[in-house]
Structures are given as structure tokens and as C-alpha cells.
Amino acid sequence: MTTATLGQRFFASWYPGFMSRVERAGQADLRRAQLSRASGRTLEIGAGDGLSVAHYPDGLDELVLLEPNPALRARLTTRADTRTGPVTVVDGDAHRLDFPAASFDTVTASLVFCSVRDPARALREVHRVLRPGGRFLFHEHVRGTGLRAGVQDVLTPLQRRLADGCHANRDFERLLAAADFDIEDIAHTRMPTMMPTIVPLVVGTARRR
């Protein structure tokens, strides 16, 4: 088992509490609606401390929860133990998913692509492990427009240090449009928080061609 870095431990010390407040303010409803579409064998990349676990539907063939931060993975395991049905918690890297090609019916990601080093490569890995016709369920904060985009650009260097690599100004929509997916639906909404850099959200579904 890997040892958490100082940055990972710091992030794990404040992020779960912050996100729990955001969830109570309405984010949980967005997460529940997104994850209700999961089916078959499902992989979540960057599962964090497991806020998503309770929102997956019953009857999945298997739920695999990947989390690279050891300080969050312990909490994730505790939440995973509350589910019935096959659940596996694993370490791993979104850039090199340790699964065979076409081995999942669903892949999900919630507030993950802001922090991966190479999001285009991670999207290629999502595509690779999905079976043809499989669904990618995404729920990501994104680059805003106008003044907000400028604020994100200015604050991203600080946010990367405080939030384990989070790029507030990452244009996830552009990256997804360039990947080899068919976008089925995408909703533009807002995260219920006063933190200005992460307010714009996109929630939607894409299919592997």
C-alpha cells in the first residue's frame, strides 16, 4: 500500500468536511441523479472518501471504487462496507487503469478531471476500459466565462497547492468533445457553494463509440 504524501494528507484533512456541507446544500441530489444511470459492472475513478457510494442503484454486477489517495481510501472502504453486492476498493492511476479493455459497462467520475495530470490521457483510459456502447457518467466543475474565468486563472496556482492538484480553470468540456465519445446529454448547472472557482458544473452522459 502506498503512503500518503503531505499534500494528500492535507487535502484529506479538509476536503471531506467541505464536500459534506456542499452535499447537504444540494450537491447530493445532482450526484444521485447522475449515478442512477449506472448499470452492470461499474468503475468509479477518484472515489474520494465515498460520498457517491450511497447513491449507486442496487443490482450492479460489481462496483469498483478507485482512489489513489491512501488517506481517503480508508474512509472509502468504510463506506463501501455499507453496500450490499460486490464492491471492491482499489488503489490506482486514472492515466493507467489496471483493467482489461472493454471490461466495464459504466465508468463514473465526480469532480476528478480537475486534478489529473493529463486529462486527455485519462479520458482515453476511460474509453479503453468501457465496452462498446458503455456509458461514461461525468460530474465535473469546469472553466467559467468572463470575469469568473479570469478569477479561476489567477487562483488556480494556489488551488493546486491546497487541493491536491485541482485546476480550477480546466476546460473539461473541450477535452471531452475532443475525445472519442458520443455525448448523449450535458447539463450546465452550479455547485451550491460560495467558493467562486468551482461553481460552474457540467453533469452528463457520454457513450463509447
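User: Why is alanine 102 called partly exposed?

Analyst: This is a predicted model, and in it alanine 102 has a relative accessible area of 39%. Buried would need under 20% and exposed over 50%, so at 39% alanine 102 counts as partly exposed. Alanine 102 lies in the loop between β3 (87–90) and β4.

User: What makes the phi of alanine 102 worth a remark?

Analyst: Most residues other than glycine have a negative phi. Alanine 102 has a positive one, near 55°. Leucine 111 is another non-glycine with a positive phi, about 60°, and it lies in the loop between β4 and α3.

User: How do you know whether leucine 111 is buried or exposed?

Analyst: Its relative accessible area is 12%. The cut-off for buried is under 20%, so leucine 111 is buried.

User: Which residues touch the most other members of the largest nonpolar core?

Analyst: Among them are Leu43, Phe136 and Phe181, out of 28 residues in that core. Helix α3 supplies the largest share, four residues. Phenylalanine 181 also has contacts with Leu123, Val126 and Leu130, among others.

Conventions
Residues numbered from 1 in each chain as written. Predicted model: local features only at pLDDT ≥ 70, side-chain atom pairs only at ≥ 80, totals over all residues. Heavy atoms only, no water. Core = buried A, V, L, I, M, F, W, Y, C linked by side-chain atoms within 4.5 Å. Buried < 20%, exposed > 50% of the residue type's maximum accessible area, 1.4 Å probe, protein only. Helix = DSSP H or I, 4+ residues; strand = E, 2+ residues; numbered from the N terminus. Contact = heavy atoms within 4.5 Å. Lists of a residue's contacts leave out its neighbours within four places in sequence.
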